Amino acid sequence: MPTIDVNQLKRKAQSENEKITWQWLSFTNSARKDNLQLYHWVRVVNGVPPTGDYSFAKYNKSVDVIKYTDEEYEKHLTHKAWTKEETDQLFDLCERFDLRFVIIADRFPSSKTVEELKDRYYSVSRAIVNARASSPGDVVGHPLIKEPYIASQETDRKRALSLLLSQTKQQERKDVEVLAHAKRITEARKSIKASEEPKVPAISDSGPLGADKDNAADPITPSGQFPSTTNPASEIASVMASLRTLRVYLRTYALDQMVQAASSSAGLRTIKRVEQTLQDLGVNLKPKVPTKAVCAEHLELRKEILTLLNLQKQLQYKEAEGSSFRDGSYSETPGTPPKQALRAADLDRTFTPDSLNIGGERFVKKEQKRKGPGRLSEAPSSPAQSKRPRKYKASD
């Protein structure tokens, strides 16, 4: 079959001066070491055959297998399960078949598995790399050092893959049903956990002395005492009693239940402030190593932070109460009569209008009659009401 260079397909149309012919010519492949001469059809332009190496020789890739000396073997590579002759033969086959270990295991004279051959080859190569390095830090990024071959993991992987591929249709359907059932159980547990979570109390806008919504969610009595609806210690004890019935549970789940029980009397914003305080202190919301002692210390820290926030809130309330008392009382300036004295003087003073020259006495009586008894002259008059226009008679 003739071979066509890819560059020839991208060339422009043939010009009139070019004469193209196909000739049966010989060629040699640089990838072969025996100088074998073969023939194929070649595209010749104007009677000049193409020059250069065989186009498919670039795909000949080989693996650089590490070589070792007798001294290095005696010093670093001795193994009770392998002799030097077997190791030499293994490395010769690896170089010959380019690390195709399935073929190497077929050609190897001893009864060695593929995993054993791989383990011996990579362990010897890794030992040689470490021995020839001037310092261990120089070969940290080497592939043989960075990703070592582990025969036990490879055996487990092949066994698991074999079990998976050997399953029947009935076993596959059963596995699907088990996974679906596990998913339903997980969803049911999530719904139960969501229903058991304490409901967030309603937050009202009104509060003592313009308190914020956090104070409304966690009210404070006028005496400065916080209302204790339930005892957190008893709630935690009940949680632990319910967990004992499960027999097997995660410590993180138990910690979540105890945290909810300890924070049940607090509002939502207070719980968020506790979590924010933990983050400011550099403490994880959930312990990374949830042992019994760590969970107990974590719960105790949450209780202390909650107590600190309650004390801060109580102090804020007391300061606001003291400021309200200070704002209510005023300082009397010298020479200014008190407000109550002024009010009494105004009440005791009688209304004495000036007499007029014309009908003054009649005007005073009419004015007193209009205002009525008990009214002061300084009192503001009522707003004027709109009256309907008076109808005049013909006599007027």
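These are my notebook entries on a predicted model.

**Ground rules**

I number residues from 1 along each chain as its sequence is written.

**Overall counts**

I looked up the secondary structure and found 15 helices and 2 strands. Here helices (H or I, at least four residues) and strands (E, at least two) are DSSP runs, numbered from the N terminus.

I then looked up burial: 19% of the 396 residues count as buried. Buried means under 20% relative accessible area, exposed means over 50%, and partly exposed is in between (1.4 Å probe, protein chains only).

The protein exposes about 31500 Å², and carbon and sulfur atoms supply 54% of that area. Accessible areas come from the Shrake-Rupley method with a 1.4 Å probe; for residues, only the protein chains shown count as cover.

For contacts (heavy atoms within 4.5 Å), I noted the sequence separation. Among contacts in the protein with a separation of 6 or more, 55% are between residues 24 or more positions apart.

**Positive phi**

Most residues other than glycine have a negative phi. I therefore listed the following cases with that background in mind.

Asn 35 is not a glycine, yet has a positive phi of about 55°. I placed Asn 35 in the loop between strand 1 (20–28) and strand 2 (37–45). Asn 35 counts as exposed because its relative accessibility is 66%.

Asn 46, also not a glycine, has a positive phi of about 55°. Asn 46 sits in the loop between strand 2 and helix 2 (70–77). With 44% relative accessibility, Asn 46 counts as partly exposed.

**Ala 57**

I found Ala 57 in the loop between strand 2 and helix 2. Ala 57 counts as buried, because its relative accessibility is 11%. What does Ala 57 touch, not counting residues up to four places away in sequence? I found Asn 29 and Ser 30.

**Glu 86**

I located Glu 86 in helix 3 (residues 84–96). Glu 86 is buried yet has no salt bridge. A salt bridge here is a side-chain nitrogen of Lys or Arg within 4 Å of a carboxyl oxygen of Asp or Glu. For charge, Lys and Arg count as positive and Asp and Glu as negative; His and the chain ends are not counted.

Which side chain of opposite charge is nearest to Glu 86? I found Lys 112, at 4.5 Å. Leaving aside neighbours within four places in sequence, I recorded contacts of Glu 86 with Ala 81, Phe 108, Ser 110 and Lys 112.

**Salt bridges**

I counted 10 salt bridges by this rule.

Arg 132 and Glu 72 meet through their side chains in a salt bridge (3.1 Å, N to O). Arg 132 lies in helix 5 (residues 114–132) and Glu 72 in helix 2, so this pair ties together parts that are 60 residues apart in sequence. Arg 132 is partly exposed, with a relative accessible area of 48%.

Arg 100 and Asp 98 form another salt bridge (3.6 Å, N to O). Arg 100 is partly exposed at a relative accessible area of 47%, and Asp 98 counts as partly exposed at 23% relative accessibility.

Arg 107 forms a salt bridge with Asp 106, with the closest N and O atoms 2.8 Å apart. Arg 107 is partly exposed, its relative accessible area being 45%, whereas Asp 106 counts as exposed at 57% relative accessibility.

I also noted a network of salt bridges that links Asp 70, Lys 84 and Asp 88.

**Helix 12**

Helix 12 (residues 268–280) has 13 residues and reaches 18 Å from its first C-alpha to its last, close to the 18 Å expected at 1.5 Å a residue. The expected span is 1.5 Å times one less than the number of residues.

Which residues of helix 12 are buried? I listed Thr 270, Val 274 and Leu 278. They lie on the same side of helix 12, because they cover an arc of only 90° around the axis. The arc is that of the directions from the helix axis to the C-beta atoms. On the other side of helix 12, I found Lys 272 and Asp 280 exposed. Just after helix 12, Gly 282 takes a positive phi of about 80°.

Note on methods
Predicted model: local features only at pLDDT ≥ 70, side-chain atom pairs only at ≥ 80, totals over all residues. Heavy atoms only, no water.
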